[in-house]
Amino acid sequence: MEQYEVVKDLEVKDESHPLFGNHAAGSVVEAAPESVLHLIEEGFLKVMHALEEEAENLIGAQDGDSTPPAEPAPAAPAAEAPPTTAPETPPVAPAESPAPTVAPAPTPAPAAHPASVDLASKFPAAPEPFASMPNCTGMLYAFCLGIEHHELWLEPGADPKYPTGTRSFHDKNPGNLKYAGQIGSIGEDKDGFCIFPDYNTGFAALIRQVQIAIKGSGMRYKAEIFDPVQKAWRQQNFLDFFKVYDSSYGDDPTAYAEDVAAELSKIAGVTIPITTPMTTLVAA
């Protein structure tokens, strides 16, 4: 955790964000660097003390800024040595050349993830009315079905544990989305979950929510994630998504991602890992 100075008044509405709440300009907050990098870029936070240079380097790496290394100064030419006459020596038979050294075989690269277009072709097209939504591929539709399955869309009597049905069913909210003025919503329940008039409207809202993450728009989702281990930027994957998309049951993000990836794997007939890029869901 590091300390940051709030440059201008900041309000974070996302309850899952480490800086949730209101912060006045001039105050000091504490958070992990990778979780507030976008706020530094937008001018809300200023890194304090020795970490300022490191944060600037991170931001510069994201923007593609780099300074070319200075060319080394040319070495001064060596002074010519006066010619010398070597004493005559009898010819010597050349020594046998050593056997050539065989370089070790290169380590094979890990198998590449199936091409997005090939993976997407393993999923049937989304049904109407969802197929008419922009960029709603069969794989994206299946991904949202996996979320619906995990969030327990259950009618009354479908499961003894939920004799009257689940919240998801009663709110017509397959993804258990928290209320944020979604298109088609008609309000929120007592716990802040969105209420929709019917299933199709609620499922369409879930599709849009996933598409927001794929585009990397908004404060909660970023298209690229800085990997502190690899020290590099990479495309957001399934696990990254579920670190932000909280389960209403408080599940571990890894368990959530594995559950949804397992549902996709059943449909596709191939293993789909949780490191699959989110952009795969909308591959043409």
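I start with the second largest pocket, where β8 gives the most to the lining, with four residues. This is a predicted model, in which local features need pLDDT of at least 70, side-chain atom pairs count only at pLDDT 80 or more, and totals for chains, interfaces and linings use all residues. Residues are numbered from 1 along each chain as its sequence is written, and side-chain values use heavy atoms, with hydrogens and water left out.

First, the terms for the pocket. Helices (H or I, at least four residues) and strands (E, at least two) are DSSP runs, numbered from the N terminus.

By type, the lining divides into nine nonpolar, five polar and nine charged residues. Here Ala, Val, Leu, Ile, Met, Phe, Trp, Tyr, Cys and Pro count as nonpolar, Asp, Glu, Lys and Arg as charged, and the others, Gly among them, as polar.

Next, the charged contacts. A salt bridge is a side-chain nitrogen of Lys or Arg within 4 Å of a carboxyl oxygen of Asp or Glu. The count by this rule is six. For exposure I use relative accessible area with a 1.4 Å probe on protein chains only: buried is under 20%, exposed is over 50%, and partly exposed is in between.

One of the bridges is between D227 and R234, with the closest N and O atoms 3.3 Å apart. D227 is buried at 14% relative accessible area, while R234 is partly exposed at 27%. Another joins D191 and K190 at 3.1 Å, N to O. There, D191 is partly exposed at 36% and K190 is exposed at 78%.

E263 and K266 also meet in a salt bridge, at 3.5 Å from N to O. These two are three residues apart in helix α8 (residues 253-268), so about one helical turn separates them. K266 is exposed, with a relative accessible area of 64%. Elsewhere, shared partners join R167, D189, K190 and D191 into one network of salt bridges.

While on α8: A262 is also placed in that helix, and A262 is partly exposed at 34% relative accessibility. Its C-alpha atom is 9.1 Å from that of I274, which is twelve residues away along the chain.

Now the rings. A pair of aromatic rings is described by the distance of the centres and the angle of the planes. Rings of Phe, Tyr and Trp (its six-membered ring) pair if their centres lie within 6.5 Å; planes under 30 degrees apart are stacked, over 60 edge-to-face, and the rest tilted.

The search of the whole structure gives 16 aromatic pairs. Among them, F143 and F241 are edge-to-face, at 5.7 Å centre to centre and 65 degrees between the planes. This pair links distant parts of the chain, with F143 in helix α4 (residues 138-150) and F241 in helix α7, 98 residues apart. Both of these phenylalanines, F143 and F241, are buried. F242 and Y245 have ring centres 6.2 Å apart and planes at 85 degrees, so that pair is edge-to-face. F242 is buried at 1% relative accessible area, and Y245 is buried at 4%. Ring pairs link F143, Y221, F238, F241, F242, Y245 and Y256 into a cluster.
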